[in-house]
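User: I am new to this structure and would like to be walked through it. Could we start with the ligand and then move on to the fold?

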Amino acid sequence: MNNAWWFVLLLLAVAAVLLLLSLRERKKSGLPGARVVYADSDLWQRVPETLLDAQLGIVGKPDYVMKTRQGDLIPVEVKTGNTPEAPYDSHRLQLMAYGLLIRSNYGKTPLYGLLHYPEKDFRVDFTPALEAQLLNTLENIRRMERERQPPARSHAMSARCRGCGYRRICDEKLG
Ligand code: SF4
C-alpha cells in the first residue's frame with residue numbers, strides 16, 4: 001500500500017474517533033437523539049471555560065453549547081430532579097443569562113436555549129421580554145447587595161440556605 005492510501009486510512013480513523021467522541025458527549029448530556037435533530041444540531045461542544053460579561057457583571061458556564069448547521073449557537077442546561085410542567089422561572093433566567101454570555105463572548109446572538117429535565121426538554125425563546133426580566137432581576141440583586149438586604153425567604157429548604165450567598169446577613173436563614 002502506498003503512502004497516499006495510508007494517509008487516507010489515517011484520516012478515516014481520525015474521523016471515526018471524532019464521531020465517537022461527539023456521540024459520547026451527546027449521550028453524556030442525556031439529551032435524546034430526536035431532540036438534537038429538532039435543534040438541527042450537528043456539533044456538540046463543551047464550553048471550555050467560564051464565560052464572562054464584564055459590562056453586565058455576570059459569569060457562567062452552560063452545560064453544553066450546540067452549534068447548528070447554520071452556525072447558530074444554542075446553550076443547553078441539563079437539570080436533575082423533578083420535571084416540572086413548565087420550566088422554572090429561575091431556570092429560564094439562567095438560560096437567558098447564558099444567551100447573553102454567548103452573545104458577548106462569541107459575537108453571536110442565540111435565538112433560544114434548551115432546558116433538559118429528566119423527562120422532558122423545553123425550548124426557551126430569548127425574547128426581549130425575557131432579557132428585560134433578567135436585567136431587572138440582576139439590578140434587584142445588586143440593589144439588595146448594596147443595601148445588604150437579603151430577599152424574603154420563599155421556601156422551607158435548609159439545604160438551599162446552606163448554599164446561599166446571602167446566608168451571612170440573612171435573618172430568615174434555615175439550618
Ligand atoms: S439564607 Fe435562605 S432564606 Fe436567606 S436569602 Fe438565602 S436562601 Fe433565602
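Analyst: A residue is near a molecule if its C-beta atom, placed from the backbone, lies within 6 Å of it. Please also keep in mind that this is a predicted model.

User: Which residues surround the ligand, then?

Analyst: The ligand is surrounded by P150, P151, R153, R160, C161, C164, Y166, R167, C170, E172 and K173.

User: How many of the shell residues are nonpolar, polar or charged?

Analyst: The shell around the ligand has 6 nonpolar residues and 5 charged ones, with no polar residues.

User: Now the fold. How many helices and strands are there?

Analyst: The chain has 5 helices and 7 strands. Along the sequence they follow the pattern α-α-β-β-β-β-β-α-β-β-α-α.

User: What percentage of the chain is buried?

Analyst: Of the 175 residues in the chain, 18% are buried. As for contacts with a separation of 6 or more, 51% are between residues 24 or more positions apart.

User: Which residues touch the most other members in the largest nonpolar core?

Analyst: That core has 19 residues, and V65, I74, M96, A97 and L101 touch the most other members. Strand 4 (64-68), strand 5 (73-78), helix 3 (89-106) and strand 6 (112-116) each supply at least two of its residues. Helix 3 gives the largest share, with 7 residues.

User: Tell me about helix 3. Which of its residues are buried?

Analyst: The buried residues of helix 3 are R92, Q94, L95, M96, A97, Y98, G99, L100, L101 and I102. The helix has 18 residues and reaches 25 Å from its first C-alpha to its last, close to the 26 Å expected at 1.5 Å a residue. After helix 3 comes G107, with a positive phi near 70 degrees.

User: Why is L101 classed as buried?

Analyst: L101 is buried because 24 other C-beta atoms lie within 10 Å, and the cut-off for a buried residue is 20 or more.

User: What does L101 touch?

Analyst: Not counting residues up to four places away in sequence, L101 touches L51, D53, I58 and G60. L101 and D53 are 48 residues apart in sequence, yet their C-alpha atoms are 6.0 Å apart in space.

User: And what is M96 in contact with?

Analyst: Leaving aside neighbours within four places in sequence, M96 is in contact with F126, L130, E131 and L134.

User: On to the strands. Why is strand 5 described as largely enclosed?

Analyst: Strand 5 is largely enclosed by the rest of the structure because 5 of its 6 residues are buried.

User: What does strand 5 pair with?

Analyst: Strand 5 pairs with strand 4 in the antiparallel sense over 4 bridges, and M66 stands opposite I74 there. In the hairpin of these two strands, which has 4 residues between them, G71 takes a positive phi near 90 degrees. Strand 5 also runs parallel to strand 6, joined by 3 bridges; V78 has H116 as its bridge partner in strand 6.

Note on methods. Residues are numbered from 1 along each chain as its sequence is written. This is a predicted model: local features need pLDDT of at least 70, side-chain atom pairs count only at pLDDT 80 or more; totals for chains, interfaces and linings use all residues. Ala, Val, Leu, Ile, Met, Phe, Trp, Tyr, Cys and Pro count as nonpolar, Asp, Glu, Lys and Arg as charged, and the others, Gly among them, as polar. A nonpolar core is a set of buried Ala, Val, Leu, Ile, Met, Phe, Trp, Tyr and Cys residues joined through C-beta atoms within 7 Å. A residue is buried if 20 or more other C-beta atoms lie within 10 Å of its own, exposed if 12 or fewer, and partly exposed in between; C-beta atoms are placed from the backbone. Two residues are in contact if their C-beta atoms, placed from the backbone, lie within 7 Å. The expected span of a helix is 1.5 Å times one less than its number of residues. Two strands pair if DSSP finds at least two bridges between them.
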